[in-house]
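Subject: Structure handover

Hello,

Here is the structure for your files. My notes on it follow below the entry.

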Amino acid sequence: MSVPNFPDPSLVRGLTQRRFGRRDLLRLSGLSAAGLTLAACGVKGKGKPSASAAPDAVAKFWAGKTKNGHVDFANWPLYMDPKQPELKRFTAETGITVKYQEVIQEMAPWFAKVQPQLSAGQSIGYDLMVITNGIQFAQFRDSGFLAPLDASKMPNYVKNAAAKYKNELYDPHNVYSVPWTSGITGIAYDPAKVPAISKLADLWDTKYKGKVGMMSDTQELANFGMMALGIDPAKSTSDDWTKAADYLKKQKSDGIVRNYYDQSYIDALGKGEVWITQAWSGDVFQKNASDGTNFKFVVPDEGGTLWTDNMTIPITAKNPLDAIELMDFFYRTDNAASLAEYIGYVCPVPDAQAQMRTDADKKTGADKAAILALADSPQVFPAQSVYDKLHYYASFQTAALQQQFQKTFEPIVLS
Amino acid sequence: MNRVKRQIAPYLLVLPGGLWLLLFFAIPMVTMLSLSLQQGDVVNGYVFTGHWQTYVDALSNYESQLVRSLIYGVVSTVILIVLAFPVAYWIAFYGGKRKSTYLFLLLLPFFVSFVLRTISWRQILTDDGPVLHPLKALGLLPENVHILGTAPAVIAGLVYNFLPFMVLPVYVALERIDPRVVEAARDLYADPATAFRRVILPLSLPGVFAGVLMTFVPVSSDYVNSAVLGSSSTTMIGQVIQAQYLANSDYPTASALSFVLMAVLLIGVFAYARALGTEDVMKVAAR
């Protein structure tokens, strides 16, 4: 029934008896080395090379690159028709195959995920990734993780992009990035459950206790807190951040916030988990189109934010030439139009509006009406009056300020 | 020659395990300890400065999540013992020839990934899902009642996911009890309740201890259940560590929190082992 006396005392003695200077060995290899080891495993950063690339950086990066006939594309969900008509056209026309993966759900985790490989100079397995302007965009750029783009390889972009999309605030002269699309962060709600919503203040209304969704991205969250208090995020100071954080904490402690969401907020809205939520303009349009729901999206009276998601090439990409060709492909008017017809986000190509009307003429009935409605939608081709209501993200002069911003808002999401 | 061999043999025997521990335990621990004492940011790199203040800040910022995790851990473990003991008892003493079938049934859900199973619960319990929707439609519950996003939902998920890890060790301990010992107790005029209390229960405690080890530690540091079934008011320390590592790239805070969690869990487990009497545990476990 039993194995008596385990561990066997003789074995224990055998394992612990002093023989060949075990203690010396231990002292040498362990204790004294420990101090050295602790100090030796620092995590290397990549420093700040420069906000704008050196003049020869472009030539240096692109020299000796060859086409390989394949692109690995990392994008957010709800950013392309699942049938991928544009990519099929691209492959048919150029022979370059594309593997499209919807692997990006939120910016901070994405940066944290690929940062170690990029630091080590290894490929992240993607040649093209879509990055939102904001804290992580700056981190990618300042770490030297983004390839400087060669404008001469992007004739359609140069010709067709609206002027605003060729000189973005977060990337002057668009050295590292080409916009995929812009979007508006506003409020989505379910009209079956709540009356018409028009103000940010509605997100703080105790009537909707436990049914309000906010975003877990600290910048998105902070922006709404600030705008609700009448603060322009782009001009905000650290005092404003504290005020906004307190206001957001109140929203949370009053039990109004159901949860802080990444891209999954749209699913929570669909399941009835939340009735009102912070939302990205095009998602609501796509959700309604694909699931037959009737959710509404509004730019709040106090304002919404305008952001841009950008195509970028990681510095370690294996197929940069194929990737830049694909980037440019999306700036051909017909492709820009067909993409906007599906995703319903702000289109960076003005000529696409006319193209969408032409596309609509080829369709009939509901399809035609839907495309025409999008071509006239202020969310796809915003009029100046809409732009005037929109705010931009805060930008940070120093890394310390950015950390302070994070530390101010992080605890709201995490606790 | 022979003597030398005999002297080296024990070292050779511990070599594979020792190397394993060195590679996958000691080195990561040292790296993490170093990380927790570094300062900097992810773009410019982290440098070792011996900044122990990180521990103080991390603890004061995330104390509530740590306490919450321990409460969830203790509550879940107690519920697990209460649920698992009768199941294990029944299989061990009344399972008869079908013992292995019952054990197989117990393990059957493990053929599906636990993340998938947890997400399924989310689908079932969601606000307009198959459980709540009919009740709301009948007017039995107000519209804004929800199960998801509450502490009971998270604890239920934890209990559900870790149940077999408690049942199996308890079962093994009970199964080992020699029926003749129980018979002897009865022969000495112990009624069934006394026999259970004085004989079966003490003999099963090492199994319960093993079960607690296998559930309390992972339950307290779990982050999946809280992330899937919980909300911002049920955040557990595992989620904070995960977010600091994998979202905010704040490695020092994440490492410091990991160490604190480890220390707290170790203290808890040792305290429990002491209360139960470790020696007995070792003895019975060795049988």
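Gly149(B) sits in the loop of chain B that runs between helix H5 (132-137) and helix H6 (151-175). Please keep in mind throughout that this is a predicted model. Gly149(B) counts as buried because 21 other C-beta atoms lie within 10 Å, and the cut-off for that class is 20 or more. Leaving out residues up to four places away in sequence, Gly149(B) touches Arg258(A) and Asn259(A) from chain A, and Gly230(B) and Ser231(B) from chain B. Its C-alpha atom is also 9.1 Å from that of Ala227(B), a residue 78 places away along the chain.

Most residues other than glycine have a negative phi. Tyr189(B) is not a glycine, yet has a positive phi of about 70 degrees. Ser249(B), also not a glycine, has a positive phi of about 55 degrees. Tyr189(B) belongs to the loop between helix H7 (179-187) and helix H8 (192-221) of chain B, and Ser249(B) to the loop between helix H10 (237-246) and helix H11 (251-276) of that chain. Which of the two classes, buried or exposed, applies to Tyr189(B)? Tyr189(B) is exposed, because it has 8 other C-beta atoms within 10 Å. Ser249(B) is buried, because it has 22.

Now chain A. Its secondary structure consists of 17 helices and eleven strands. Of its 415 residues, 46% are buried. Among contacts in chain A with a separation of 6 or more, 78% are between residues 24 or more positions apart.

Chain A is divided into domain 1 (57-183 + 307-374) and domain 2 (185-305 + 391-414). Taken over C-alpha atoms, the centres of these two domains of chain A are separated by 26 Å. Domain 1 puts 15 residues into the contact and domain 2 puts in 16. On the domain 1 side, the residues that touch domain 2 are nine nonpolar, five polar and one charged.

The largest nonpolar core has 160 residues, and those touching the most other members are Leu128(A), Leu221(A), Ala340(A) and Val170(B). The element that gives the most to this core is H6(B), with 13 residues. As background, nonpolar side chains in soluble globular proteins tend to be buried together.

Leu128(A) is placed in strand E4 (residues 128-132) of chain A, and is buried because 24 other C-beta atoms are within 10 Å. Leu128(A) and Ile313(A) are 185 residues apart in sequence, but their C-alpha atoms are 4.8 Å apart in space. Not counting residues up to four places away, Leu128(A) touches Val71(A), Phe73(A), Ala74(A), Met311(A), Ile313(A), Ala323(A), Leu326(A) and Met327(A).

Helix H12 (residues 320-329) of chain A is mostly covered, with nine of its ten residues buried.

The axes of helix H8 (residues 218-228) and helix H17 (residues 399-414) of chain A come within 10 Å and cross at roughly 95 degrees. An angle of 65 to 115 degrees counts as roughly perpendicular, and H8(A) and H17(A) are therefore roughly perpendicular to each other. H8(A) contributes Thr218(A), Leu221(A) and Ala222(A) to this contact, and H17(A) contributes Gln406(A), Phe409(A), Glu410(A), Ile412(A) and Val413(A). By class these are five nonpolar, two polar and one charged.

H8(A) also packs on helix H9 (residues 238-253) of chain A: their axes come within 8 Å and cross at roughly 95 degrees. H8(A) and H9(A) are therefore roughly perpendicular as well. From H8(A), Leu221(A), Ala222(A), Gly225(A), Met226(A) and Ala228(A) meet Asp240(A), Trp241(A), Ala244(A), Ala245(A), Tyr247(A) and Leu248(A) in H9(A). The contact of H8(A) with H9(A) has nine nonpolar, one polar and one charged residues.

Regards

Methods. Residues are numbered from 1 along each chain as its sequence is written. Chains are lettered from A and ligands numbered from 1 in the order in which they are written. This is a predicted model: local features need pLDDT of at least 70, side-chain atom pairs count only at pLDDT 80 or more; totals for chains, interfaces and linings use all residues. Helices (H or I, at least four residues) and strands (E, at least two) are DSSP runs, numbered from the N terminus. A residue is buried if 20 or more other C-beta atoms lie within 10 Å of its own, exposed if 12 or fewer, and partly exposed in between; C-beta atoms are placed from the backbone. Two residues are in contact if their C-beta atoms, placed from the backbone, lie within 7 Å. Axes are lines fitted to C-alpha atoms, for helices over the stretch in contact, and angles run from 0 to 180 degrees between N-to-C directions. Angles under 35 degrees count as roughly parallel, over 145 as roughly antiparallel, 65 to 115 as roughly perpendicular and the rest as oblique. Ala, Val, Leu, Ile, Met, Phe, Trp, Tyr, Cys and Pro count as nonpolar, Asp, Glu, Lys and Arg as charged, and the others, Gly among them, as polar. A nonpolar core is a set of buried Ala, Val, Leu, Ile, Met, Phe, Trp, Tyr and Cys residues joined through C-beta atoms within 7 Å. Domain bounds come from an automatic or database domain assignment.
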